[in-house]
Amino acid sequence: MKKISFQDYLPFIFLAIIAIIGVFIPSLPNFADTSKYNSADIAWILVASSLVFLMTPGLSFFYGGMVNKKNVISTMMQSFIATGLISIVWVVVGFSLAFGSSYHGIIGDPRTFFMFQHVGSGGPWSLAPTIPLLLFALFQMKFAIITPALVVGAVAERIRFTSYVLFMVLFSLLVYAPIAHWTWHPDGILFKLGVLDFAGGTVVHITAGCAALAGALVLKRRKDHIEKKELQPANIPFVLLGTGLLWFGWFGFNAGSALSAGSLAATAFATTNTATAAAGLSWVFFDVIRGRKPSALGFCIGAVVGLVAITPAAGFVAIPQSVFIGFIAAIVSNVAVHWKSKTSIDDTLDVFPCHGLGGMVGMLLTGIFATKTINDAGNNGWFYGNFELFKNQVLGLLLVVGYSFTVSYGIFKLINLIHPLRVSEEEEALGLDLTQHNENYHPSLISISDNGSLKEEDELVHS
């Protein structure tokens, strides 16, 4: 049996402490004043929250299908574990840091909703007055879950599972929560600046994309990448399934961010679908004029780029402009992926070119095409004579890029001092499915015994 170190005990000890603290948190009555709530809005945000939750399993299939077949399970698990991990972090202190009483527009007071106190009994969020605060907190939890899960794609096939779990926790507390506070809290510095981000262009995608780039640089290149080996994706149908789940779930992501069941939700739903369709087609057609064959993988990646790019703009722009946003974002990301392939940067699944740059394009085009005709709570963009909004979008983008990259880089470096980030060369060669989880996706005669040595088996349990 493998020798268990004190570090192996720590995650269990932390969870046990949280569970024991929870026993002593006083119970308060739920929803003391329900007269202010709208049943239709509650029903829609419950559905939207469920749709956003579905995106993380969808992301797992999307990523899992694109990696080498010896790393399918590990890559999927690294994304999917966020559903459990960040749910607990969010309840304990994450929601407070993002939406608690503001410290100078920079971060929320961790005591405001510690262990979800006063969430069930408190009044509604000021920008979502027709739904309970608890529902708003749960909806926002799903955004917090998928953001660190996105980073997995850049460090796949070489990062230790335990190290990535620690990264998710620190990223959620030190990067995601502050940027969510800046952007979506009425006292946040970006909110007060007038930066528009309807559903997470900065908070989710630019943040995750920059963290992904930082992770790729800290972990350095895979051996296969150094040797310029072209490894085929493990399962294209997985990628198609993952894309479908992401596209479906994204309607909750964007249309749910209207925080009510009204015309704005319908607009965000329509712009989301339209930009995604345009981006998927744009990627495939652009591949063709560059001499490549149209591929299922290309359409899927393009569609996801479209989903990313329309996210900040979904409730601020009209449907015709959403076609342009998807079309341009796919070309920018396609060119960036091609350029990155000629460099030494080993972002395994192109998270920065697709999510990072896709989010940046979306933020900038929001500053151009936003119109108060669609959303009175927004602003007119440069296209409608208001350069000030575009300038604010650029300033917000630069602040988020600088902060998320720098802090994420520091987190990766810190973790590497505490616990090695990378698996050994032998583990990388064998694949992370076996070496990190003793599971396997494809038929093989090799598995890992309890003492860590290789052994042969007649047939695989997980196939």
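**Rings, cavities and cysteines**

Q: Which residues do ring pairs link into a cluster here?
A: Ring pairs join Trp90, Phe95, Phe99, Phe113, Phe116, Trp125, Phe136 and Tyr176 into a cluster. Two rings of Phe, Tyr or Trp (for Trp, its six-membered ring) count as a pair if their centres lie within 6.5 Å, and the pair is called stacked when the planes are under 30 degrees apart, edge-to-face when they are over 60, and tilted for the rest.

Q: What should I know about the model before we go on?
A: This is a predicted model, in which local features need pLDDT of at least 70 and side-chain atom pairs count only at pLDDT 80 or more, while totals for chains, interfaces and linings use all residues. Residues are numbered from 1 along each chain as its sequence is written, and side-chain values use heavy atoms, with hydrogens and water left out.

Q: OK, back to the rings: how many aromatic pairs does the structure hold?
A: There are 29 aromatic pairs in the structure. One of them is formed by Trp90 and Phe95, a tilted pair with 5.7 Å from centre to centre and 55° between the planes.

Q: And are Trp90 and Phe95 buried or exposed?
A: Trp90 counts as buried because its relative accessibility is 1%, and Phe95 is buried too, at 0%. The word buried means under 20% relative accessible area, exposed means over 50%, and partly exposed is in between, using a 1.4 Å probe and protein chains only.

Q: What about Phe369 and Phe383, how far apart are the centres of their rings?
A: The ring centres of Phe369 and Phe383 are 5.4 Å apart and the planes stand at 55°, so this pair is tilted. The pair links distant parts of the chain, 14 residues apart: Phe369 belongs to helix 14 (residues 351-369), whereas Phe383 is in the loop between helix 14 and helix 15 (387-418). Helices here are DSSP runs of H or I with at least four residues, strands are runs of E with at least two, and they are numbered from the N terminus. Phe369 is buried, with 11% relative accessibility, but Phe383 is exposed, with a relative accessible area of 54%.

Q: Changing topic, how many cavities of 30 Å³ or more are there?
A: The structure has 2 cavities of 30 Å³ or more. A cavity is a set of points, on a 1 Å grid over the protein atoms alone, where a 1.4 Å probe fits but cannot get out, and its lining residues have an atom within 4 Å of a point. Grid points are joined across faces, edges and corners, and the volume is the space filled by probe spheres set on the points.

Q: What volume does the largest cavity have, and which residues line it?
A: The largest cavity has a volume of about 50 Å³, and its lining is made up of Asn68, Lys70, Asn71, Glu157, Arg222, Asp224, Leu231 and Glu428. By class, that lining has 1 nonpolar, 2 polar and 5 charged residues. In this scheme Ala, Val, Leu, Ile, Met, Phe, Trp, Tyr, Cys and Pro count as nonpolar, Asp, Glu, Lys and Arg as charged, and the others, Gly among them, as polar.

Q: And by class, what does the lining of the second largest cavity have?
A: The lining of the second largest cavity has 9 nonpolar, 2 polar and no charged residues; among them are Met55, Leu59, His205, Trp250 and His355. The volume of the second largest cavity is about 40 Å³. Helix 10 gives the most to its lining, with 3 residues.

Q: Now cysteines: how many disulfides does the count come to?
A: The count comes to 0 disulfides, where a disulfide is a pair of cysteine sulfur atoms within 2.5 Å.

Q: One last thing, which value does phi of Met115 have, positive or negative?
A: Phi of Met115 is positive, near 55°, in a residue other than glycine. Most residues other than glycine have a negative phi. Met115 is in the loop between strand 2 and helix 5, and it is buried, with a relative accessible area of 14%. Asn438 also has a positive phi, of about 50°, although it is not a glycine, and Asn438 is partly exposed, with a relative accessible area of 37%.

How values were computed. 1 Å grid on protein atoms, 1.4 Å probe; cavity = no way out; pocket = protein on both sides within 12 Å on 5 of 7 lines; lining within 4 Å.
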